[in-house]
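This briefing goes through one protein model, topic by topic, for a reader who has the sequence and the coordinates open.

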Amino acid sequence: MRATAAANLGTTSMGATRRAFDARRATTAQRRQAMSAAPSRADAVSDKIYAELRLRGLTWAKRRAPQWSCGHLRHYPKMKWGQLPVSCYGHFRLNGGRSPLRFRESPMHTQHPTVRLADLTDDFTADPYSAFTALRSRGPVHHARFPSGDESWLVVGYEEVRAAFVDPRLRNDVRHSADFEDDGLYAVGRNMLQVDPPDHTRLRTLVAREFTARRVQALRPRIQEAAGALLDAVAADGRADLVAAYAYPLPLTIICELLGVPGVDRAAFRAWSTKVVALDDAEQSVRAAKEMAAYLAELADEKRRLRDAAESDLLHALVLAHDGDGTDRLTPEELLGMAFLLLVAGHETTVNLIANSVHLLLGHPTQLAALRAHPELLKGAVEETLRFESPVPASTYRYATEPISLGGARIPAGARVVLSIAAANRDPARFPAPERFDIRRDPAATRAPLAFGYGLHHCLGAPLARLEATLALRVLLDRFPRLAFDGDGTPRWRTSLMRSLRELPVRW
């Protein structure tokens, strides 16, 4: 395994208390003094959290319990460091311990009432849909507090989500956030989900050629071969955890081959990726992101040393774009960020699409029987899974560049907005009987464009994900005609950015 090196981590500065520390005018001596100042015990900041902050070179401007710019916490004592969602850590700035933490007021406090999602369902992780149904009955847009403590504007109506995806007043670049103060450093490089045109157009164009319909269909034999080999390895056992044995390694194998990640390193990527998207152990997520970033940086250096070799993988192409002198040249942060995005998003979505499809089919025996009797329904089964149990349940943050009226709500400039794909895809105004899993659903209605986003940020890898899921189901059902749950089939969902099963025990 390659040596782990320091990685860029942290996306923006924090917001400020009412008496914000003016870092832009602070002298070097003042900064050092701020870094060395210990907080008062009256602040009620725990020693452990203080130690964690100091280890990361973080400081604060005033001796007050600060507010998180992401809205997860009002004050540190309410939750320990290791309990924070991973997205919190993107709101710290790491700059070699030189930059003090800065705070200012957030625009998230508005006259619009804040809805606590935890009050609308017994277990938001297991059943977010009850909360979404309750919210939708009150209106399509709400200021919401998630069970993690995070607050943002949440859009749950299909038409409103679709409109928001293409609204030019909602941007992906965090610099449009009212909490933003300076560039800071990006979580793991800088990728096309974090930027807007023209940078988004430039980054997307660089990789789009690898995901054309022709290139994706050319992968069909390799996907089928890899799927068959994975099932060969467990066939004699009579049972397996389908997530670990099949749903996870299949798309990971394909995306690693596309990017040029050596086979011996894929197990490490699997572990890193699972931790990166987890929401229940933020410190572990941060550590995994740093390790993955360090590995990718070193792998990119290896590709650079082989730049004259007959390399044809995607990471090699990104390295050439970084080293070139054309208009599409990548910055070092963009090279790292794009590699990170392609690896994580390039397989996590498909892992969950495959696992969720199998779980839903086994849980609906009449639907499974219909699929076995009519294999032409396979495409419909994949599309209905994308609608009913969306692998990516929500968009990344959007930021309002100006006050926006959406779905009867007034969203202030600089506010964070989350578009709930999972809620939109179960909106009864768009889908008849949305709570029913039906692989025979009208294809025109089932093919929900929101499953992979919409507009400029529609997922480039959607055709590949659909193909992998379709072939994975076909090979699995053909190989094991008696496939069934090994147990009662009760799902155990991860606390994750994805709609992700912890395991799927099956027998055949």
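In which sense do E4 and strand E6 pair, and over how many bridges? In this predicted model, E4 and E6 (residues 398-400) are joined by two bridges and pair in the antiparallel sense.

**Overall composition**

- The secondary structure of the protein amounts to 18 helices and 11 strands, and of its 508 residues 56% are buried.
- Among the contacts in the protein with a separation of 6 or more, 73% are between residues 24 or more positions apart.
- The protein exposes about 21600 Å², and carbon and sulfur atoms supply 52% of that area.

**The six-stranded sheet**

- Six strands make up an open sheet with mixed pairing, and their order is E1-E2-E3-E9-E6-E4; its edge strands, each of which pairs on one side only, are E1 (114-116) and E4 (170-171).
- E2 and E3 form a hairpin in which five residues lie between the two strands, and Gly-149 in the turn has a positive phi of about 105°.
- E3 and E9, by contrast, run parallel and are joined by three bridges, with Val-417 in E9 as the bridge partner of Trp-153.
- Five of the five residues of E3 are buried, so this strand is largely enclosed by the rest of the structure.
- Helix H4 (residues 158-165) lies across E3 (151-155), E4, E6 and E9 (416-419), and runs at about 120° to E9.

**Helix H12 and its surroundings**

- Helix H12 (residues 314-323) is largely enclosed by the rest of the structure, because seven of its 10 residues are buried.
- These buried residues are Leu-314, Leu-315, His-316, Leu-318, Val-319, Ala-321 and His-322, and they pack against helices H5 (199-208), H9 (249-259), H11 (282-305) and H13 (332-363).
- At the start of H12, the backbone nitrogen of Leu-315 has a side-chain oxygen of Asp-313 within 3.3 Å.

**Arg-441 in its loop**

- Arg-441 lies in the loop between helix H16 (421-424) and helix H17 (443-446), and with a relative accessible area of 8% it counts as buried, because the cut-off for that class is under 20%.
- The side chain of Arg-441 makes a polar contact of 3.2 Å with the side chain of Glu-384, and the side chain of Arg-441 also reaches the backbone oxygen of Ala-433, at 3.2 Å.

**Cysteines**

- A search of the whole structure finds zero disulfides.
- Cys-256 has a relative accessible area of 0% and is therefore buried, whereas Cys-459, at 30% relative accessibility, counts as partly exposed, because that class covers values between 20% and 50%.

Terms used: Residues are numbered from 1 along each chain as its sequence is written. This is a predicted model: local features need pLDDT of at least 70, side-chain atom pairs count only at pLDDT 80 or more; totals for chains, interfaces and linings use all residues. Side-chain values use heavy atoms; hydrogens and water are left out. Buried means under 20% relative accessible area, exposed over 50%, partly exposed in between (1.4 Å probe, protein chains only). Helices (H or I, at least four residues) and strands (E, at least two) are DSSP runs, numbered from the N terminus. Contact means heavy atoms within 4.5 Å. A polar contact is a pair of N or O atoms within 3.5 Å; within protein, one must be able to donate a hydrogen and the other to accept it, and residues adjacent in sequence count only if both atoms are side-chain atoms. A disulfide is a pair of cysteine sulfur atoms within 2.5 Å. Two strands pair if DSSP finds at least two bridges between them. Axes are lines fitted to C-alpha atoms, for helices over the stretch in contact, and angles run from 0 to 180 degrees between N-to-C directions. Accessible areas come from the Shrake-Rupley method with a 1.4 Å probe; for residues, only the protein chains shown count as cover.
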